Amino acid sequence: MNRTAPGPVPSLATVGPPRLLAGLDETAWMDREAHLAVHGPAPGPDVEELAAIAEDIGLRGRGGAGFLFARKLRAVAAAQRRKGSSASVVVNGSEGEPGCLKDTALLLYAPHLVLDGALMAARALGAGRVAVGVTRPDVERSVRRALAEREPEPGPQADVTLLPERFVTGESSALVRGIDGGPALPSGRRVRTSESGLGGAPTLLSNTETFAQLAAAARLGSAGYGACGLPTEPGTVMLTVAGTHVVETPTGVPLTYILDLCGTAPGQGVLVGGYHGSWLPPEAARAATVSRDSLAAAGGVLGAGAVLPLPETTCPVGEVVRMARWLAAQSAGQCGPCALGLPSLADALAEAAEGGGQRALDTARARMSAVEQRGACGHPDGSARFVASALAVFADEFAAHALGHGCARPVLGALPLPEGDLLHTAVSGARADSSAQAPAEQLLVDWTLCRGHGLCADLLPGLLRLGADGYPERAVMPLPARMRGRALRAVRRCPALALRIAAAG
């Protein structure tokens, strides 16, 4: 495997005997031969047998939403019968969470286990295609290599698609649209992929770890799979700790044990579930175990398995503002709550952090409520949940900053952001220094108008980049003053009139 490929390389650890990561203590990449030596051949259950296994072990999607896999599998089978059509299977390997690397680790190091689960489900459904959607070139190469090792293999066609690395790429309709050759952006339609996915066919879509767990459970059987973990939540889960360490652990293990294993501690609080997740105060984190029920009781969510402790040395208010700005910049720009509401929310938080008083805090809460349950996808809701949780857990810190009594600690960037991101900087207190002041204007892309002509990228190199689908990678871009003239020319020359310049926030 190419360990110098773009993106951080996960550091692997296990608690107890590994399952999904088995064999990686002997080799850096599980080729087909090593995979079969460790796991053996994949079984071939039919749809109901596979659904029964998933139901017995309570298998839920491991990408964030936690939807019951057996229910999703049966829904696809029912839609097939009703429509008299074929089906497809999609592996969501996009992992747009900057603080999450567990799916990347599986596809980089053990791709055959993931493919086993996806192909097993496809054969059970009689599906004609398995599509893997990824956003990292090194992950794409790993999956292609694994697929090449399986040729010629009878059964469904399997392929991998490299998609733009955006936070919203992993949303189900965005992923399907991207794999189908369209823009990897949420469609805004309230139609389940189990009814209409790839090419309009019923589609079983789940994340990377879910298919790997399915492959392990089908081999072990329900009883064998439940030999570790909690009786109510059997088996193992994959976690990403502090944005660098990937851990496979049985459920029920104390969260503090996992943090200690990775050389860290609860600090000022722990963000669980990723950037659409929730903060746990230190005392709640110390009492929690790795399980959905325990984290929910503490006010958190397992979500995408990201565990991000906040060190004592960084400013929590500045970290939250920094992340709120990044989440606002990840908008697909397709609805008001996302394109306008999230930047407005981030600005209100920043004003509070800079001594804006109680009025600024009240404004932030009002703007947070205004975006909830109104978006074209789940991004506004998830971002609002992150902010609401931060305002609750760091209430004293926000109140002190709002009154002008900040903590004087630097913002160290403890919450990971993609390398090279315009917001990936360390700043002092809750305010950047004068050399890192945010631009006063921003360039916006209206996805409802954009037709992917690509002229804008030629006119604005260094500011606007096109993704693999030929569309701009981002909908909102801070606009440096020195580039305003060129940006204005791009706005005027856009054939679809999809660009505009607006005041930041």
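**The open sheet and its surroundings**

Modeller: The sheet is open and has six strands, in the order 1-7-6-10-8-9, with mixed pairing. Strands are DSSP runs (E, at least two residues) and helices are DSSP runs too (H or I, at least four residues), both numbered from the N terminus. Two strands pair if DSSP finds at least two bridges between them. Strand 1 (11-14) and strand 9 (278-280) are the edge strands, and each pairs on one side only. On average, neighbouring strands of this sheet are turned by 25° against each other, direction ignored. Axes are lines fitted to C-alpha atoms, for helices over the stretch in contact; angles run from 0 to 180 degrees between N-to-C directions.

This is a predicted model: local features need pLDDT of at least 70, side-chain atom pairs count only at pLDDT 80 or more, and totals for chains, interfaces and linings use all residues. Residues are numbered from 1 along each chain as its sequence is written, and side-chain values use heavy atoms, with hydrogens and water left out.

Strand 6 (residues 236-241) and strand 10 (residues 306-310) run parallel, joined by two bridges. Val241 has Val307 in strand 10 as its bridge partner.

Another parallel pair is strand 3 (residues 129-134) with strand 4 (residues 157-162), joined by six bridges. Here Ala131 has Asp159 in strand 4 as its bridge partner. From strand 3 the chain crosses through helix 6 (residues 137-149) to strand 4, a right-handed β-α-β crossover. Right-handed means a clockwise path from the first strand over the helix to the second, with the strands pointing away from the viewer.

Next, a helix pair. The axes of helix 12 (residues 316-329) and helix 16 (residues 395-402) come within 9 Å and cross at roughly 90°. That makes helix 12 roughly perpendicular to helix 16 (65 to 115 degrees counts as roughly perpendicular). Pro316, Val317 and Val320 in helix 12 meet Glu397, Phe398 and His401 in helix 16, where contact means heavy atoms within 4.5 Å.

Finally, confidence. pLDDT is the predictor's confidence in each residue, from 0 to 100. The protein chain has a mean pLDDT of 88, and 93% of its residues reach 70 or more. Confidence is highest in helix 5 (residues 111-125), at 98, and lowest in helix 17 (residues 455-459), at a mean of 80. Over residues 422-438 the pLDDT is below 50. Where pLDDT is low, the predicted coordinates should not be read in detail.

Notes:
Parallel < 35°, antiparallel > 145°, perpendicular 65-115°, else oblique.
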